Amino acid sequence: MQLQQLFSPSVQHTLDVIGIFVFAISGALLAVRKNFDVFGIAVLAEVTALGGGLFRDVVIGAVPPAAFTDLGYFLTPLIATLVVFFLHPHVERIQTGVLVFDAAGLGLFCVSGTIKAYSYGLNLTASATLGLATAVGGGVLRDVLANEVPSLLRWDRDLYAVPAIVGATMVALCIRYDVLTPLASGLAVVTAFALRLLAMRFHWRAPRAWNRRSTVTEE
């Protein structure tokens, strides 16, 4: 099944652009907090928004990647850069709303990434892994460039990768049992989205090592 079967091409493109914009906002906001100049803000916005999809497309051989063939994908993070550059105090105040849209983008991209990877001939495990990479890869690159420990590796951050893993795994299982329908794909998106929202609401976090006795000073 191709992703276009879930939504029409125009609707899918609109959802992609919205997800890219929200991811770009998060990258640009981190750049502002790090006191980057306008070029640094733009770089972090582009990397956060497009990094996961770019990695996926290179791995599966979908070249040139969509980030370079669709001008809208490339320009959207630049628009986010301008918004944050001039209005970042206002954007910070609606951070909760941004996080909600980010959760929606997470759900959409983990599912779309898994389906696209499978459609290029990868096995189910690899497809789900690339679905996860599509959803969180940009955020990892953002944190590395900003000289921070990636958020999804930090114990003191609400679950982020786990909802994406669940969504990607649901798609892989649907493919395995030949029940991948638009409804099933949409359910996977909603499940990942809902899990991320619940993690933010109740501060769900992954457990650390059993009987941990580390002497490392916590941040």
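## The largest pocket

On a 1 Å grid over the protein atoms alone, a pocket is an open set of points where a 1.4 Å probe fits, with protein on both sides within 12 Å along at least five of seven lines; its lining residues have an atom within 4 Å of a point. This is a predicted model, in which local features need pLDDT of at least 70 and side-chain atom pairs pLDDT 80 or more, while totals for chains, interfaces and linings use all residues. Residues are numbered from 1 along each chain as its sequence is written, and side-chain values use heavy atoms, without hydrogens and water.

The largest pocket holds about 640 Å³ of space. Its lining comprises 30 residues, and Leu99, Arg142, Ser151, Arg157 and Arg196 lie nearest the centre. By class, 13 lining residues are nonpolar, nine polar and eight charged. Helix 6 (124–145) is among the helices that supply at least two lining residues, and helix 6 gives the most, with eight. Helices here are DSSP runs (H or I) of at least four residues, numbered from the N terminus.

## The nonpolar patch

Val38, Phe39, Val43, Leu82, Phe85, Phe86, Leu87 and Leu145 make a nonpolar surface patch of about 790 Å². Such a patch joins nonpolar side chains within 5 Å, from residues with over 30% relative accessible area and no salt bridge. Helix 2 (38–60) and helix 4 (71–93) each give two or more residues to the patch; helix 4 gives the most, with four.

Phe39 lies in helix 2. Phe39 counts as exposed because its relative accessibility is 63%, and exposed means over 50% with a 1.4 Å probe and protein chains only.

Key
Patches are made of residues with over 30% relative accessible area and no salt bridge: like charges are joined within 9 Å, nonpolar side chains (Val, Leu, Ile, Met, Phe, Trp, Tyr) within 5 Å. Accessible areas come from the Shrake-Rupley method with a 1.4 Å probe; for residues, only the protein chains shown count as cover. A salt bridge is a side-chain nitrogen of Lys or Arg within 4 Å of a carboxyl oxygen of Asp or Glu. Buried means under 20% relative accessible area, exposed over 50%, partly exposed in between (1.4 Å probe, protein chains only). Grid points are joined across faces, edges and corners, and a volume is the space filled by probe spheres set on the points. Ala, Val, Leu, Ile, Met, Phe, Trp, Tyr, Cys and Pro count as nonpolar, Asp, Glu, Lys and Arg as charged, and the others, Gly among them, as polar.
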